[in-house]
Amino acid sequence: MATTTQPVRVRFAPSPTGYLHIGGARTALFNWLFAKRHNGTFILRIDDTDEQRSTESSMKQIYESLNWLGFNWDEGEKVGGPYGPYIQSERRSIYQEYIEKLIESGHAYYCYCNSDELAQMRQLAKDENRPVHYNRKCLHLTKKSQKLMVEQGRKPVIRFKVPDQTVSFDDLILGRISTESDTLQDEVIVKSNGSPLYNLTSIIDDHEMKISHVIRGADHLSNTPKQVLLAQALELDMPQFAHLPMVLGSSKGEKLSKRHGATSIEQYRNEGYLPQAMINFLVRLGWSLDDTTEIFSVSELTQNFDIGRVGKSGSVFDIKKLRWLNGHYINQLNLPERTSAVIPFLQPLCSTDSTGLEVNRLEAIVSVIDDRLITLADIKEHAYHFFKDDFAYDPKGIKKWLSKDGSISLLQMLHDAMEKINTFDEKSVETAIWSIVDSLGIKKVEGLQPIRIAISGMTSGPSLFEMVILVGQSETLKRIKRLITYLSKGEN
C-alpha cells in the first residue's frame, strides 16, 4: 500500500472538451477509491486551458456522468472548498505571480519567434538529423531587442528554460522514472495572448490545492518531468505521482476507439448499463485484489483498494466482460428496483406514470422476462409485444409451425376455445389449449407455438401462459385473428 504521511488529497482534473470517456472515468474512480481508502479528500478541478475546445455543455456532461457513477466529490467545482476557484480559467491572477517569479529568476523567458521562423528551425533540425527542439534564439535577447520586437507587432510567448540535469521521480505504479534534459525542449508555458498552458497551471494548482497524490493516465507520463522541473524552479512541494496503464482496444495494443465499443460514460448509461456494473468493470481495468475475484461491491472496493496493486501493463477493454457484469447486477436487483430501472426505457412503449395497477402490470412483465436482460435497454425488445401488436412474425417460426394444411383451422379452434373462457387465468387458458391439443391428437408444442407466434411474433421467450394472461383475453383473441388474416393472405 502506498505510504501516506500527509493528509490524502487527490484530484480528478478533466478537460471539458468532450464527454467523460472510459479512461477518464477509470482515472476518476481510482482517485475516488484512493481518497476513500485513506479517509482523504477527493477534489474535482476543471482544467480548461484549451479555451477554444472547452465548453459549458461538456462540463455539464462530466458532472452528470460523475454523479451517475456515484463519485461524489468532497471539494471542487459545484460544491466549493477553501482553495477555489476550481476552474482554471478563473485562476489567472493566481498563475500570474508564479509566471513573474519564473521570469525574474531566469527560469523562463520571452520568445518572439514567429511561425515562419519556428518552421525553419524545425526543418533545419530535421535536415541535420537533430531533435526538433527550439534553439533558444530568444533566450538572451536584450531589453532593446525585445522592445524592437514589440514595435514590430510581435506578441511573445513565454518559454520555460529546461535546466541541464536528469529529471527523476518515483512513481507509485511504474517505479523510478528518469528523463534526460536533452530529450526535453524549452516549451511554451504561456501563450502570446497571456493564457498559461497545462503543465504550468497543473503543477501550480496541485501546489495551491495541497494535492498529495496525482493519479492519472500514463498518457500524461511525458508531462511529468516538465512539471517536476517547473515545481523545482518555483520551489514547490511536489505530490507523489502514479500513472495508470492505458486502456487498450485490443490485445494488439490498439488505442481504445468507438469500434471497440462506446467510449462515453453517458452513452453506456443511455444504453442501459448500471453504474455498479460500470464501476466493477472499470476497477478491473488495471487493478486486482487477488487475481481471481471479479465481482466487487463499492464498499469492498473502498476497503481493499491499494494503488500498489495496479499493474504496469495496459488493460484491454472487453465489452463481453462489461455485458456479463451488467447482466449480473441487473439480476441482483429486486423486482421493484428492476422495474423502476427499466421504466425510462419503456416510456416510448407505454405510459408509466398512471396508476398502481399499471405499476403492478409492469412488475409482472419484468418478472416474466426474468433473467433475460443484459442491459436495461433490452427491455424494449423483450417487452415490446406486451404493449404493441405491430411486430413482425419470425419467418422461420411461420415456416416450421404454421405452413401445413390446417394451420388456420388450428388457430381458429384455439381462438374459439379461449373466447369461451369466463375467468381468464392461467389454469383456464391451459385447460382450453390442452383440450384442443387432445382433440386433434397433436403434440403439446404444436398447440403452443402457434399461440406464441400470434402473441409475440417469436418462437421463444417467457412462459406462454403468463404471457397470455399479461396480454389479456381480448388482446390475445385479436392477435390470433391478426395471424389468421396474415396466413389467409399468403403473406408468409
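Me: Is the crossing of helix 6 and helix 7 left-handed or right-handed?
Reply: Happy to start there, and bear in mind that this is a predicted model. Helix 6 covers residues 198-208 and helix 7 covers residues 224-233. The hand of their crossing is right-handed.

Me: Thanks! What is the angle at which helix 6 and helix 7 pack?
Reply: Two packed helices are described by the angle between their axes and the distance between the axes. For helix 6 and helix 7, the axes are 9 Å apart. Helix 6 is oblique to helix 7 because of their packing angle, which is about 60°.

Me: Let's move on to helix 9 and helix 11. At roughly what angle do their axes cross?
Reply: Helix 9 is formed by residues 275-283 and helix 11 by residues 319-332, and their axes come within 8 Å. Angles over 145 degrees would count as roughly antiparallel. Helix 9 is instead oblique to helix 11 because of its crossing angle, which is roughly 140°.

Me: How many charged residues does the contact of helix 9 with helix 11 have?
Reply: Q276, A277, M278, N280 and F281 in helix 9 meet K321, L322, L325, N326 and Y329 in helix 11. By class, six of the residues in this contact are nonpolar and three are polar. The number of charged residues is one.

Me: Is S54 buried or exposed?
Reply: S54 sits in the loop between strand 2 (41-44) and helix 2 (56-69). Leaving aside neighbours within four places in sequence, S54 is in contact with P16, T17 and D48. Buried means under 20% relative accessible area. S54 has 18% relative accessibility, so S54 counts as buried.

Me: Last one: what is the relative accessible area of V468?
Reply: V468 lies in helix 19, residues 464-471. Beyond its neighbours within four places in sequence, V468 is in contact with M418, F424, V429, I451, I455 and T476. V468 is buried, and its relative accessible area is 0%.

Definitions and conventions: Residues numbered from 1 in each chain as written. Predicted model: local features only at pLDDT ≥ 70, side-chain atom pairs only at ≥ 80, totals over all residues. Heavy atoms only, no water. Axes fitted to C-alpha atoms, helices over the stretch in contact; angles between N-to-C directions. Helix = DSSP H or I, 4+ residues; strand = E, 2+ residues; numbered from the N terminus. Parallel < 35°, antiparallel > 145°, perpendicular 65-115°, else oblique. Contact = heavy atoms within 4.5 Å. Nonpolar A, V, L, I, M, F, W, Y, C, P; charged D, E, K, R; others polar. Buried < 20%, exposed > 50% of the residue type's maximum accessible area, 1.4 Å probe, protein only. Left-handed = near helix turned anticlockwise from the far one by under 90°.
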